[in-house]
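The points are grouped by topic.

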Amino acid sequence: MLVTQVVIVGAGAAGLMCALSAAGRGRQVLLLDHANKAGKKILMSGGGRCNFTNLYSEPANFLSGNAHFCKSALARYSQWDFIALVAKHAVPYHEKKLGQLFCDHKASDILDLLLDECAKAGVELRLDTSISEIAKQEAGYQLQTSAGLVSCESLVIATGGLSIPTLGASGFGYQVAEQFGHSLLPTRAGLVPFSITDPQLKMLCTQLSGTSVEDCRVSCKGKSFVENILFTHRGLSGPAILQISSFWTPGDTLEINLLPHLDLPAWLTQQQTERPNSELKTLLGELFTKKMAALLAEQWFVSKPMKQYHPGELLAIAEQLNRWQVVPAGTEGYRTAEVTLGGVDTHEVSSKTMESLKSPGLYFIGEVLDVTGHLGGFNFQWAWASGYAAAQYA
Ligand code: FDA
């Protein structure tokens, strides 16, 4: 039987940060993962460039049944701490927009720096290792693994959420939580595209597949995000859509303002005065792609020369473009979701240490907890911060 001080299950973002930090303070750390490679989601993230944190990260960027839970960890390991680590390894990066920091080259720069820090601190990493059973002992835990029995003082669960099963996601962390008496908040896919089944809307999405509209305001249940939207064969995607998906529940209507930065009624009236013979379709072609303008003019409006519209008709056109109502059929689910909402109830975990309030020596970090960030590097920041917090005590 292998005896060690700390076992961390899950060599993703949170597990790697926890491992390097715990080993860095002298703990003997064994990091286990059932996948054949550590940090697969890091490699896939940010379109291959890893949006590793956000300059403006703060507790308001996180959803949880317990809004205060994330505050302590985020304050003790902030975006500036991770940026300092990235700088220490001379990884080149840039701000893309809205404080989102991406690698200049590739996401593997971030994984490599974490693995490098783990190796230097003496972390033992074992891949292709699954765990079939966990038993509580008088002081610590015993794990039945595919590589034999392991006993430890502290057990850290860093197995993430359910999104993208092909990257190693499993419900393991939730099972462990339940085994040790924890409550789970219902899980659902977050930061995920919407699917559309309404025939007319579906046709529009399919015809415009690949078309992106810049800086739309997408709202649902009093929450709004201004970012790009993207039409897809299945429905709607793009950053604004992914953001709002975390707040959407089945049956909710989205309101999309396609031109939030333009006073559309005033603009249409001005065009009517200045270009009375121009067709609506032609004018919309100056605001959207020609193809989109033609489709909207055909499917939503009757396109005619501007001089032929009554003031009421112009207002109706503005209303449709400013307050487009969409009822998605659903989301694309865990197959494409970036995160899992819900998870281990944070009321039963210490916000300072990430230790279970039900079973001493057991810790939960990262996405397995009911803490979910907005799109933009916040989810990794939570992984770094919660991993670091647990490492100070595990
Ligand atoms: P993570 O999922 O990273 O790691 C869990 C680990 O546990 C995995 O290595 C898995 O193999 C292992 N595991 C699971 N079950 C196990 C078991 N039974 N036994 C042993 N090991 C097990 N966020 C962000 O901030 N910026 C970004 O750019 C992106 N981009 C992005 C793109 C895509 C495609 C996805 C899917 C997600 C993102 N995210 C993101 C979200 C981000 O990847 C996510 O929030 C973090 O990886 C969560 O870190 P964790 O360490 O908690 O889980």
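## Ligand site and overall fold

Helix H13 supplies three residues to the shell around the ligand, the largest share. The model is a predicted one. Its chain holds 13 helices and 21 strands, and 56% of the 394 residues are buried. Along the principal axes, the C-alpha atoms fill a box of roughly 85 × 40 × 35 Å.

**Ligand surroundings**

- The ligand has 29 residues around it, and those that come nearest are Ala 14, Asp 33, Ser 170, Glu 367 and Phe 380.
- By residue class, the shell around the ligand consists of twelve nonpolar, 13 polar and four charged residues.
- The side chain of Asp 33 places an N or O atom 2.5 Å from an oxygen atom of the ligand.
- The side chain of Glu 367 has an N or O atom 2.9 Å from an oxygen atom of the ligand.
- At Gly 377 the backbone takes part: a polar backbone atom of this residue is 3.5 Å from an oxygen atom of the ligand.
- The ligand taken alone exposes 1,000 Å², of which the protein buries 93%.
- Two or more residues of the shell come from each of helix H1 (13-24) and helix H13 (378-391).

- Ala 390 is a residue of helix H13.
- Ala 390 counts as buried because its relative accessibility is 0%, and the cut-off for buried is under 20%.
- Ala 390 and Met 17 are 373 residues apart along the chain, and their C-alpha atoms are separated by 9.7 Å.

**Salt bridges**

- Side chains of opposite charge can pair when their charged atoms come close.
- The whole structure contains 13 salt bridges.
- One of them joins Arg 27 to Glu 153, with 2.9 Å between the closest N and O atoms.
- This pair links distant parts of the chain, 126 residues apart: Arg 27 sits in the loop between H1 and strand S2 (29-32), and Glu 153 sits in strand S10 (residues 148-157).
- Arg 27 has 17% relative accessibility and so counts as buried, whereas Glu 153 has 39% and so counts as partly exposed.
- Arg 234 and Glu 332 form another salt bridge, their closest N and O atoms being 3.0 Å apart.
- Because Arg 234 lies in the loop between strand S14 (223-231) and strand S15 (235-237), and Glu 332 in the loop between strand S18 (330-331) and strand S19 (339-344), the pair ties together parts that are 98 residues apart in sequence.
- Arg 234 is partly exposed, with a relative accessible area of 44%, while Glu 332 is buried, with a relative accessible area of 13%.
- Glu 319 pairs with Arg 323 in a salt bridge whose closest N and O atoms are 3.7 Å apart.
- Glu 319 counts as partly exposed at 42% relative accessibility, and Arg 323 counts as partly exposed at 42% relative accessibility.

**A buried histidine**

- His 182 is located in the loop between helix H6 (172-179) and strand S11 (184-190).
- With 5% relative accessibility, His 182 counts as buried.
- A polar contact of 2.7 Å connects the side chain of His 182 with the side chain of Ser 356.

**Nonpolar surface patch**

- Met 1, Val 3 and Leu 149 make up a nonpolar patch on the surface.
- Together these three residues have about 300 Å² of accessible area.
- Met 1 belongs to the segment before strand S1 (2-9).
- Met 1 counts as exposed because its relative accessibility is 61%, and the cut-off for exposed is over 50%.

Terms used: Residues numbered from 1 in each chain as written. Predicted model: local features only at pLDDT ≥ 70, side-chain atom pairs only at ≥ 80, totals over all residues. Heavy atoms only, no water. Near = heavy atom within 4 Å. Polar contact = N/O pair within 3.5 Å; in protein donor to acceptor, adjacent residues only side chain to side chain. Areas by Shrake-Rupley, 256 points an atom, 1.4 Å probe, with all protein chains shown as cover. Helix = DSSP H or I, 4+ residues; strand = E, 2+ residues; numbered from the N terminus. Nonpolar A, V, L, I, M, F, W, Y, C, P; charged D, E, K, R; others polar. Patch = residues over 30% accessible without salt bridge, like charges linked within 9 Å, V, L, I, M, F, W, Y side chains within 5 Å. Salt bridge = Lys/Arg side-chain N within 4 Å of Asp/Glu carboxyl O. Buried < 20%, exposed > 50% of the residue type's maximum accessible area, 1.4 Å probe, protein only.
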